Amino acid sequence: MGIDRRIFIKTLGVTGVTLVTGTMLGAEVADDEAIEFQGMLYDSTRCVGCRLCEVVCAETHNLPVLKVKLKTGVLRKNSETQRTVINKFATSKGDVSAKKQCMHCNEPACAAACLTQAMHKTKEGPVIWRSEKCMGCRFCMVSCPFDVPKFEYHSANPKIQKCDMCYDRIVSGGIPACAEACGDALIFGSRSLLIAEARRRIAENPKDYVDQIYGEYVAGGTGFLHIGPVPFNELGMNTGLQNSSYPALTKGFLYSVPAVFVLLPSVLLGIHEATKNNQTNDEELE
Amino acid sequence: MDVFSYNNIFETKGIEYLVVIAFLMLLIPFWITLNKKVKIAGQIRQAAGILTARTLKIPQGIFYSRNHTWAHLEMSGIANVGLDDLLLHITGDVRFNHLKNPKEKIKKGELLAEIEHNGKTLRIFSPVSGEILDINEVLTDNPELLNEDPYLKGWMYKVRPTRWIAETSTYFIAEDATNWLGKELERFKDFLSGRAGFFSPESARLILQDGGELTDHTLSDLPAEVWQNFQEDFLNHTDPSKHA
Amino acid sequence: MKSLNNPVVTIARDNDGKSVLRFLAGELKPKGKWLTPFNIISIPVIILGLVLIVIRFWKGIGSITNLSQDIPWGLWIGFDVVTGVAFAGGAYVITFMVYILKMNRYHSIVRVTVLNGFLAYVFYAGALLLDLGRPWNVINPIIGNSFGTSSVLFLVAWHFLLYMLAELIEFSPAIAEWLGAKRARKILSGMTLAAVIFGITLSTLHQSGLGALFLMAKEKIHPLWYSEFIPLMFLVSSVFAGLSMVIFEGSISHKVFFNQISEKNHKAQKGIISGLSKICAGAMFAYLFLQVLVFIHGKRWEYLDTPMGYWYLTEIAGFVLIPMILFFYSYRRQNILMIRIAAILTMLGVILNRLNVTVIGFRWDAPVHYVPTWMEIVVTLTVIFTEIWIFRWVINRMPVLRESPSWVNKVK
């Protein structure tokens, strides 16, 4: 089933790209050596709120499976036992579901913040957490604009829990468990093709979608993309975030560090030299 | 396409920090070497330099006696005694031989010590009366301290004075000291020109620069007779009873 | 060495020719009374704190703290580390003044300030270990296994380590004097200038670095406290935070360790405190204008008429503007008591500011707001009290407040 899906997506991608851009990108799609970030596209119009993705995710990662009925309007967050959640919202277009998980940013704040490289942006795209490096400082939690990483506060050997796009499965040729289990709403593929597919859907059904892909630009672009029928702030998502990368906010500071390290000692030595003759004064002749 | 990796903007940070470490480690030898050269050049210049009132160190808070010794009373009541900068610039590098020891009593004008350069000596007489408490042992091993730092590290004796006020009442302090030392310098020039007949043209060059200014360490290369003359006529101190 | 005004009391003696081990064995014995008021309060707190720490490692951080998924950093980071380091800023300011600007009036307080700075960093880095979820991996960013060079926290952590080293070197001549190691003292004294310059550079970067930690939390910190200039504000405020702590701690030490301090240093105390108050007034004046600039730059007018806005005004007006005026006024009148009050107000202001940025203003919109548990407070107090114990131990033995042994060439 996995292989079929991949061929399906590839065909979809080629068609979509051809339609939207009119250029032949087929060569690039078939080329396995192209380093492109992989991502996921989630379509709220196709999500029925069955929560199978939650169940499969919990099973895959040894987390407790929550048997909960989705209540409309109740905002659940991902937690240290749930890497992803589906919430249902009452909106102007009826009940709409929204999936919340790690956004797998192109320039993740968590990975830039991590001083041990425990949070790591892989070259395939997913942002993963590596337990052997993590010291549990929780700086990733402070830095993440989406408040994604969750910490096991009540464990003596605490882990950070967040979606890792089933990285182990991807590396061995598979796709994330949620994308595999989901009927229609969640697809996995290379980011550029997913964006193209999203644009195609929006272009073909303008009444069903808001003309925006959440994740195309936010935080400098993310791997998890979301399209839906209503404005995203109605779906519990934060639309006040900046559209540039978050690590770039520390650029000014970190860039000046080596320069300060060179200039400040020099200036201090200089002042020390210049004030040398102030040494002998009457206070000392005691 | 999205091909860049996330740490794109911080990629070179690791190498930059290594460069910083290299800089800091190289800075120390760099700085030390830079200063060393300057110090030696300065010393040479000073050695061949000019002795003027401006090159003298004249701390304002101590008493100067007419034979160019100084006395400074500390809060503990103990007086430090030493030689002033002018005398030491005139004599050049000297060794210090202490003739009195701790626990001995000394009177003002009594022989306290000798300074000597290549066999030529000057006798030093005490500016105050009292009991000697300490002698500066450091000067035995590091005689250059006397010339380098005559008022602080180059102190000669620590004395507990018995008649401080009476004995220092005629000494120079503060602006009086500055004025007096300036005049002493002129008097020294007169003293030398009065002895002009003794000097060969080469010796004359030793003591007077082209501009008519004195060279530093004026007496150091001059013969012993000049030192004797200096003791008797300039310092004017062979007979203790003559001076206040 | 006997003090002039109390000739009967013998203060600590430095090692004079005895073997170091024998000397240390003697020094390790406790000095002074056991049942002082401070001891009576601090011993039970420390014991309780140690018990809590054991529980924390056994059952996880959540068992004794109120940290949440929304607010991952609380009292231990916000107060112990961030505010504690700001207060330890006295060390770099004083060493800058004495060794670089040659303001020799403050020479007598260098050692105690450096000691305080060193202990503060050791203990607050120590407190950090308590807050880490997986502390056994703390060596990862140190041994080169995983250098996260893109991280501001990486920089801050490394600077802490290097700064502790620099402070130790700056303080080590006192240890050498205590042990009677003359040659060691000479070598270590020669390294002082290099350690001071290194220390000032490191301090500049990590005082501002602690502010830079929060730069990525742009939408998560209340706009009245978030700006791109947080690092600069932290740096400037660390100047008067450190000096206020020097005034505060100096006033206490002066009373507690009265008979160690020489006559000369007693007399100099007033001049030192008033000089420091002048510098604080100046630094706070600049800081206030910096706040105004940042306020205008961030177009923050609309936030003023809100509860958070009033809180912001309280912090700025009540705990920066007013102490600045107090410092100014009491310097002019040479009123030492007022200077001390101003110092305390300033310190409260710095605590407020740091907590506002890191904890109170952080996710101020979270549904459940963070309030530290009594257990977090006890652990914090344990850290502080233990530090004071060590401080007292050192002061009672080493030549920090009292004069150096006579073999030291004191004339500089």
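This is a predicted model: local features need pLDDT of at least 70, side-chain atom pairs count only at pLDDT 80 or more; totals for chains, interfaces and linings use all residues.
Residues are numbered from 1 along each chain as its sequence is written, chains are lettered from A and ligands numbered from 1 in the order in which they are written, and side-chain values use heavy atoms, with hydrogens and water left out.

Chain A comes to nine helices and nine strands; helices (H or I, at least four residues) and strands (E, at least two) are DSSP runs, numbered from the N terminus. Of its 286 residues, 55% are buried, where buried means under 20% relative accessible area, exposed over 50%, and partly exposed in between (1.4 Å probe, protein chains only). The accessible surface of chain A is about 12300 Å², and carbon and sulfur atoms hold 56% of that surface; accessible areas come from the Shrake-Rupley method with a 1.4 Å probe, and for residues only the protein chains shown count as cover. Among contacts (heavy atoms within 4.5 Å) in chain A between residues at least 6 apart in sequence, 57% join residues at least 24 apart.

Chain B, with 244 residues, has 45% of them buried, and its secondary structure comprises eight helices and 11 strands. Its accessible surface comes to about 12900 Å², with 56% belonging to carbon and sulfur atoms. Of the contacts in chain B with a separation of 6 or more, 66% are between residues 24 or more positions apart.

Cysteines come next. A search over all chains finds zero disulfides, a disulfide being a pair of cysteine sulfur atoms within 2.5 Å. Cys53(A) is in no disulfide, and the nearest cysteine sulfur, in Cys50(A), lies 6.3 Å away. Cys53(A) counts as buried because its relative accessibility is 11%. For Cys163(A), also in no disulfide, the nearest cysteine sulfur is that of Cys102(A), at 5.7 Å. Cys163(A) has a relative accessible area of 9% and is therefore buried.

Asp134(B) has Lys158(B) in E10(B) as its bridge partner.

Another antiparallel pairing in chain B, that of E7(B) and E8(B), extends over six bridges. Ala113(B) stands opposite Ile124(B) in E8(B). The hairpin of E7(B) and E8(B) has two residues between the strands, and Asn118(B) in this hairpin takes a positive phi near 50°.

These two strands also matter for the surroundings of helix H8 of chain B. In that helix (residues 224-234), Val226(B), Trp227(B), Asn229(B), Phe230(B), Gln231(B) and Phe234(B) are buried. The cover over the buried residues of H8(B) includes strands E7 (111-117) and E8 (120-125) together with helices H2 (85-91) and H6 (174-194) of chain B. Asn236(B) follows H8(B) and has a positive phi, near 55°.

In chain C, Phe248(C), Ile252(C), Val256(C), Ile344(C) and Leu348(C) make a nonpolar surface patch of about 410 Å². Patches are made of residues with over 30% relative accessible area and no salt bridge, with like charges joined within 9 Å and nonpolar side chains (Val, Leu, Ile, Met, Phe, Trp, Tyr) within 5 Å; a salt bridge is a side-chain nitrogen of Lys or Arg within 4 Å of a carboxyl oxygen of Asp or Glu. Helix H9 (230-256) and helix H12 (336-360) of chain C are the elements that give two or more residues to this patch, and H9(C) gives the most, with three residues. Phe248(C) lies in helix H9 of chain C and, because its relative accessibility is 32%, counts as partly exposed.

Helix H12 of chain C also holds Ala343(C), which is buried because its relative accessible area is 0%. Ala343(C) touches Ser244(C), Ile247(C) and Phe327(C), leaving aside residues up to four places away in sequence. The C-alpha atoms of Ala343(C) and Leu155(C) are separated by 30 Å, with the two residues 188 apart along the chain.

How values were computed
Two strands pair if DSSP finds at least two bridges between them.
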